[in-house]
Amino acid sequence: MREYFDSIKRRDPAARTIFQIILLYPGVQAIFWYRIAHFLYQHHFKLLAEMMMFIVRCVLNIEIHPAATIGKRLFIDHGTGVVIGATSVIGDDVTMYHGVTLGGVGRGDSSGKRHPTVEDGVTIGAGAKVLGNITLGQGCMIGANAVVLKDVPPRKTSVGVPSAVKK
C-alpha cells in the first residue's frame, strides 16, 4: 500500500499525506472497492460484486466493471465520469484523468473482448474516449478529449477526434 500512495504523490503535486489521499481521492476509493469486488467476481459472487460497484458508481461517479483486469498503482486523478468496461485490461502505473472512458464497440471479437488494453505507464488525458478492442502501447500518452479507435504504438502521443499519432 505504501508503494501505491508514494506513486500517487509522485504523480500529483497536490497529494500531501496518505491520510489526505485515502479520505479525499475518489479514484483511490473506487480502486479499493474494485479490488474487493473483483475478488468476489472471480469467486462467482458476480451479483454481489456488481451491486458493490453500482454503489461505488452512485457515490463516487466512477464506474469500474468488476470483471475488468487492473494492474498495480492505477491512479485515477479527480475521477468524475471515469468508465472502465468489463473486458478492459489495464497494466501497471497507468494514470487516468476525469471523464476517461475505456468503452466497448459492438460485441467484440470471437473471444468476447470488446474493451481496450492499456499497457504499463500509459497516461490518458481528461475526457478521452478509448473505444474497442485496441491496445495503448507501453508509455504512450493520450491527449485530452481524444477519441481513440486504433492501436497506439509504445511511447507515442495520440491526439484529436478521431485521434492520430503525432510524428
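Reply: Start with one term: contact means heavy atoms within 4.5 Å. Keep in mind that this is a predicted model.

Me: Which residues is Ala-14 in contact with, leaving aside its neighbours within four places in sequence?
Reply: Gln-20 and Tyr-25 are in contact with Ala-14 on those terms. Ala-14 itself sits in the loop between helix H1 (2–11) and helix H2 (18–24).

Me: Why does Ala-14 count as partly exposed?
Reply: Buried needs under 20% relative accessible area, and exposed needs over 50%. Ala-14 has 43%. That value falls in between, so Ala-14 is partly exposed.

Me: What makes Leu-24 exposed?
Reply: Its relative accessible area is 60%. The cut-off is over 50%, so Leu-24 counts as exposed. Leu-24 belongs to helix H2. Together with Phe-19 and Leu-23, Leu-24 forms a nonpolar patch on the surface. The accessible area of the three together is about 360 Å².

Me: How do you know that the span of helix H4 agrees with what it should be?
Reply: Helix H4 covers residues 46–60, which is 15 residues. The expected span is 1.5 Å times one less than the number of residues. That gives 21 Å for H4, and its end C-alpha atoms are 21 Å apart, so the two agree.

Me: Which residues of H4 are buried?
Reply: Ala-49, Met-52, Met-53, Val-56 and Leu-60 are.

Me: Why say that the buried residues of H4 line one face?
Reply: Look down the axis of H4. The buried residues fall within an arc of 90 degrees, so they line one face of the helix.

Me: What makes Asp-6 and Arg-2 a salt bridge?
Reply: The cut-off is 4 Å between a side-chain nitrogen and a carboxyl oxygen. For Asp-6 and Arg-2, the closest N and O atoms are 3.6 Å apart, so the pair qualifies. Both residues lie in helix H1, four residues apart, about one turn of the helix. Asp-6 is partly exposed at 26% relative accessibility. Arg-2 is exposed at 55%.

Me: Why does the pair of Glu-63 and Arg-57 count as a salt bridge?
Reply: Their N to O distance is 3.6 Å. That is within 4 Å, so the pair counts. Glu-63 is partly exposed at 33%. Arg-57 is partly exposed too, at 32%.

Me: What does the salt bridge of Asp-93 and Arg-73 tie together?
Reply: In this bridge, N to O is 2.5 Å. Asp-93 lies in the loop between strand E5 (89–90) and strand E6 (95–97). Arg-73 lies in the loop between strand E2 (69–70) and strand E3 (75–77). The pair therefore ties together parts that are 20 residues apart in sequence.

Me: Is Arg-73 buried or exposed?
Reply: Buried: its relative accessible area is 14%, and the cut-off is under 20%.

Methods:
Residues are numbered from 1 along each chain as its sequence is written. This is a predicted model: local features need pLDDT of at least 70, side-chain atom pairs count only at pLDDT 80 or more; totals for chains, interfaces and linings use all residues. Side-chain values use heavy atoms; hydrogens and water are left out. Helices (H or I, at least four residues) and strands (E, at least two) are DSSP runs, numbered from the N terminus. Buried means under 20% relative accessible area, exposed over 50%, partly exposed in between (1.4 Å probe, protein chains only). The arc is that of the directions from the helix axis to the C-beta atoms. Patches are made of residues with over 30% relative accessible area and no salt bridge: like charges are joined within 9 Å, nonpolar side chains (Val, Leu, Ile, Met, Phe, Trp, Tyr) within 5 Å. Accessible areas come from the Shrake-Rupley method with a 1.4 Å probe; for residues, only the protein chains shown count as cover.
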